[in-house]
Every structure is written in C-alpha cells, then in structure tokens.
Amino acid sequence: MLKNYKVLKGTASALALDDDSDPHIEIRIEANGVSYRIALNVRSKESPHDLLYANIVDFKHGALTEALEALPMGLTDIRKDHPELAIDYVRGGLIEREDMNVAPFQLSGPKNDLRDFIEPIVQEGIADTDVHFYAFGEAWGPEHEKPDQYFRFEPGNGIHDIHMNQGDGGSFKATNGPNQDGALLVHFNDTDEWAAIFLCFQSQNWNTDAATGHPVSENRGGQGRGEGTRRPQPVVASSLRIIAALINPVNGAGDVEAETVTLINRSDMDTSLDGWKLEDENGRTQTLSGMLAAGELRTIALDAAAGGPQLANRGGDIILRNGDGAVADRVGYGKSETANEGWTTIF
C-alpha cells in the first residue's frame, strides 16, 4: 500500500524530461510559495514497456471536480482528511479498461505518444496561472538541505506513482491497494473545463482483490475489472492495433471488391496471430495465423466469399479479437470516410 496517498494542487512553472531507463515527464508546481515536482511515468520498466493511457479532454464528474476546486493549494492527505477523493480504477467508475489505449513515450509523428498529449497541457499551464493541476499519487518530502534533482529548488518536495496502484506482481506488489490510484487532472478556470489523464502499466491486472488490491489471478485476459464493471465486453491490453482499412476498393474482375484491413505490432516482441480473428459488426469473422514481428505491418485481404467480414460503405465497426476471444482493438468509420473509391481509411 502507498504510505502517503495525497493529491497535490498547484500551478505549473517548468517542464523537464529525463531520458534514463525509467523516463518521466517532470513538472514543477507552485503552491502558496512552496515548490513541488510531479514525476509522471511514461514508460514501464517491465515489458511491454508502453503504458496504457486515457486522455479525456472534456472530463466531467461534478462531485469530484467540485471537491477538488474547494481544496487549498498544496498537498492534501486523502486517507486522513478526504477519503471521498480516493481514486480506484477498478471500482470507482471514473475509467474503464477499454477506454485506455497503448502509447509509447516518444514516437515520431503527431498525436501518437504520451509527450504529444501531456506536454501541451503543461506548457499552457506554465503560460497561464489560471490553469490548476491536481496530481494524485504518493507524496515525498520535504527533503531539507537536498535540492530537487531536476529543478534545484529547496526543500525537495513532490509526488509520484501517478498511475494505477493495484494489480501489480513481483517487486511492485508491496504498493498494491484499493482506493489509491493515481491520476492527473487539469482545471482550466477561465472556461471551467477539465481534462484528465489516467495511466497504468500493461503488466497490471484489473481483476483485483477489494481488500488488498492484489491480483485475484495471474490471468489478465479480459481484465475482469472486479466490482464496478459497467461494460460486459471484455477488452485486453494489446500492442496489436488496426491502423487502416480499404473499405471501398475499386471493383476488380467479376465486380469483386478486394477489401483489406492493416494491422501493426507496436510492441518490441514478435506476436503469434494464431487463433486471432477479424470481425465486422454483424459477427462475421476471419481467423488469422502466422507471426507478426515487432514493428511489422500486415495487410490482410478479407475473404467475404468464405463468410469473412464485410465492410459496409455506409459505415460500421472492425473488431480485432485475440486467441481467447477478447477484444484487442475496435475501430469505427462513417459513410464520409468511404466516399473516395479506392482510398484507404486511416485510424
């Protein structure tokens, strides 16, 4: 269990990036004349290294946000003073496993890694003190006569473990517990809008004991989500993603439309496709096979003649299921995205 589960409220004044084997985005926070540092994990020490994240740009939860607004600047002890503010990913209803996507720390291209989502919000906060940050996690300090490692202020103060803090095994099991998950919430006071960033590791199990936060079993398939499950559809953490589809191809010989779906293995490990399936919204499936190497793209021709998926030009869904039948990825498209015959739709 975390020793000092708290929430830090303040304004941002600086941003730093560390590039060691355990990278974080470091945010300097000011609160009533005291400086703090938010250490935001952006890569897992364990494989798979990419984190799961949800970036909710119009976050709404009246009870929580009203209570946060009323807090004083600085650290608030959640367990001692405000237990109603405790966050629990599995049971609290704030976030569902299927709301989260896999994202690396840094990847070339726009809007495809954690830095692309987090840094602009921090930069906006540095430029505008009406933007307030709320970081939930484990607090440390004050560390007298010990300057902060990145921003050199004294005494050292800060908060880390700003991610899911249950469902861990191995060396991280000691910090498991219910009602102590981390998150970063941001309030834009001028427009009264909120943003929320939720993070967890792919190695964490969402089927946890309500008293200890330990995994109920080693099987993470479907994730379980324990109490508080609002959506029955099982979804698993997966680095295999649907990135494109040829939905409205130019008709070939015999007026046959050669529809395709393109997958990518975003992880650093080869993955077997044996038993995986592609499915359309009407339940028609096509079983996959073979290996998908780390970083490999594969375009799969859909076999409608054999009863496989069919991509309707009016719009629909494409589903990727793993060998256990759980949804590994799901994308949707509309009629407007299929208007140009022969063009590939990018997700």
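Analyst: Two strands count as paired if DSSP finds at least two bridges between them, and the strands themselves are DSSP runs of E with at least two residues, while helices are runs of H or I with at least four, numbered from the N terminus. The model is predicted, so local features need pLDDT of at least 70 and side-chain atom pairs count only at pLDDT 80 or more, whereas totals for chains, interfaces and linings use all residues. Residues are numbered from 1 along each chain as its sequence is written, and side-chain values use heavy atoms, with hydrogens and water left out.

User: What makes β1 and β2 a pair, and which residue in β2 is the bridge partner of A14?

Analyst: Strand β1 (residues 5-17) and strand β2 (residues 24-31) are joined by six bridges in the antiparallel sense, which meets the requirement of at least two. Within this pairing, A14 has R28 of β2 as its bridge partner.

User: Which other strands pair with β1, and over how many bridges?

Analyst: Strand β7 (residues 131-143) pairs with β1 over six bridges, antiparallel, and there L8 has A135 as its bridge partner. Strand β5 (residues 74-77) also pairs with β1 in the antiparallel sense, over four bridges, with K9 standing opposite G74.

User: What makes β17 and β20 the edge strands of their sheet?

Analyst: The open sheet has four strands in the order β17-β12-β11-β20, with antiparallel pairing, and β17 (297-301) and β20 (345-346) each pair on one side only. The antiparallel strands β11 (residues 240-246) and β20 are joined by two bridges, which is enough for a pair under the criterion of at least two; A244 has I346 as its bridge partner in β20.

User: Which residues of α3 are buried, and why are Y89 and W206 classed as they are?

Analyst: Buried means under 20% relative accessible area, exposed over 50% and partly exposed in between, with a 1.4 Å probe and protein chains only. In α3, the buried residues are L114, F117, I118, E119, I121, V122 and G125. Y89 has 2% relative accessibility and therefore counts as buried, and W206, at 1%, counts as buried too. Buried residues make up 50% of the 347 residues in the protein chain.

User: Why is the ring pair of Y89 and W206 called tilted?

Analyst: Rings of Phe, Tyr and Trp (its six-membered ring) pair if their centres lie within 6.5 Å, and planes under 30 degrees apart count as stacked, over 60 as edge-to-face and the rest as tilted. The structure holds four aromatic pairs. For Y89 and W206 the centres are 6.0 Å apart and the planes stand at 45 degrees, so the pair is tilted. Y89 lies in the loop between α2 (78-81) and β6 (101-103) and W206 in the loop between β10 (193-201) and β11, so the pair ties together parts that are 117 residues apart in sequence. Ring pairs link F59, Y89, F198 and W206 into a cluster.

User: Where is Q204 found, and which backbone atoms does its side chain contact?

Analyst: Q204 is found in the loop between β10 and β11, and at 1% relative accessibility it counts as buried. A polar contact is a pair of N or O atoms within 3.5 Å; within protein, one must be able to donate a hydrogen and the other to accept it, and residues adjacent in sequence count only if both atoms are side-chain atoms. A polar atom of the Q204 side chain lies 2.7 Å from the backbone oxygen of M164, and the side chain of Q204 reaches the backbone nitrogen of F201 at 2.9 Å.
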